[in-house]
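Subject: Structure for your review

Dear colleague,

Please find below the structure I wished to hand over to you. I would be grateful if you could read the notes that follow it with the coordinates open.

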Amino acid sequence: MRTNTKKLETYKNIPIFRLSRIIRKSFLKKSPKCLIYGNFGAMNYGDEAILEGQLLDLKKIKGIKTTVVGRFKNELKKRHKGISALSIFDLFDIIKALIRADFIVIGGGGLISKNDNGLVSLIYQFYCLTLFMLIPNIIKKPVYVWGYGIYKNSNKVIISYAISLLKKVKLVSVRDLHSFKLLKFHRIEAIYCKDNSYLMQVSPRNDIAKHKLFKKIYNKTNQNIGLTLKRPENKREEKELTEAVISLVQRHKKTDFWFYALDYQSNYNNDKNFAEEIIKVINEKINHNRVHLVSEILNSKEIFSSFKLMNGIIAMRLHSLIFAHRQNIKFLAVSYDEKCESFLKSINHEYIEVKSINCNLFSKFLKSI
């Protein structure tokens, strides 16, 4: 288990960056037009929490008209009522929106990170950087980069291209120390801030307990454990994680386990698929009727607020780490990526690497709660 040796947490001293304060000073005209882009509408609850928080902050600008560009515009409209939305592939409409906009916002998250689809992913990142940083610079539109993340495992060519463009934007804030140090090395002034999901409000425990999903089956007298699992890339690690979770459920028959599918995009093996596979094996092998799947029935605010119903979380996904920490819920951190490690180190929290997972560590965590 990895630990951070610093005695005091430093993350609590990092500010939440509110872009609305900057915009209100810079744009005195009524009803300014904003175009905001990010990994939104991609069926990932963490990214939707980022967008939800950003939209709440931008609404503080009087009369603002915001258009969101993301992966699936219908998903955006479903998750964020009343917004104007465009698909990332609606090139002609995006160009028109860029021309009409008073300012552009790159909406945060780890947008410069590892690519799993080879050349296709590289072209996609190049396309997005060109569309939302280079073209606005050419047509003299101010760009605000809000809560960005650039990770060590990113393609070096893409990092170089992104840095050359970041030198020309109006403002940059970053959500992790690695990105901050990287930009400082390249003489780019940046603001180090908390992840933009901190801008999203969370609901009181009693309110979320009334949701129909929990009202029927939540048993507050039992121990309730959340699991936010991501399928490991390595087949051996996937097998070991699966076996560890099944063994955990077998050992703790009086505990309710809640599998959170925080990524449910159907184009690849997502968290929902992975959880369903594990639950199927549990139902076949073990007489255990206290295993539940939490998926897209909830919105971002509801799903992360529901962590308050848990006695603890076994957390892999970055935003499950963030919201468990934010709401003072005990969690066992499993790191699968640089972005998770960066956050965990910043809050001085112990973590397990995926390759070190075993049932004994999980069981020890449950017994410690």
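Predicted model: local features only at pLDDT ≥ 70, side-chain atom pairs only at ≥ 80, totals over all residues.

Strand β7 comprises residues 171-174, and all of them are buried. Leu 171 and Ser 173 point one way from the strand, while Val 172 and Val 174 point the other way. In a regular strand, side chains alternate between the two faces of the sheet.

On one side of the pairing, strand β6 (residues 143-150) runs parallel to β7 and is joined to β7 by three bridges. Within this pair, Leu 171 of β7 has Tyr 144 opposite. Between β6 and β7 the chain passes through helix α6 (residues 156-166), in a β-α-β crossover that is right-handed.

Strand β8 (residues 191-192) is also parallel to β7, with two bridges joining them. Here Ser 173 has Ile 191 as its bridge partner.

Helix α6

At the start of α6, the backbone nitrogen of Val 157 has a side-chain oxygen of Asn 155 within 2.9 Å.

Strands β10 and β11

A further parallel pair is formed by strand β10 (residues 255-260) and strand β11 (residues 291-294), which four bridges join. Phe 259 is placed opposite Leu 293 of β11. The chain crosses from β10 to β11 through helix α11 (residues 271-285), again as a right-handed β-α-β crossover.

Ser 320

Is Ser 320 buried or exposed? Ser 320 belongs to helix α13 (residues 318-326). Its relative accessibility is 0%, and therefore Ser 320 counts as buried, the cut-off for that term being under 20%. A polar atom of the Ser 320 side chain lies 2.5 Å from the backbone oxygen of Arg 317. With neighbours within four places in sequence set aside, the contacts of Ser 320 are Thr 228, Leu 262, Phe 304, Phe 307 and Ala 315.

With kind regards

Technical notes:
Residues numbered from 1 in each chain as written. Heavy atoms only, no water. Buried < 20%, exposed > 50% of the residue type's maximum accessible area, 1.4 Å probe, protein only. Pairing = 2+ DSSP bridges. Right-handed = clockwise from strand over helix to strand, strands pointing away. Polar contact = N/O pair within 3.5 Å; in protein donor to acceptor, adjacent residues only side chain to side chain. Contact = heavy atoms within 4.5 Å.
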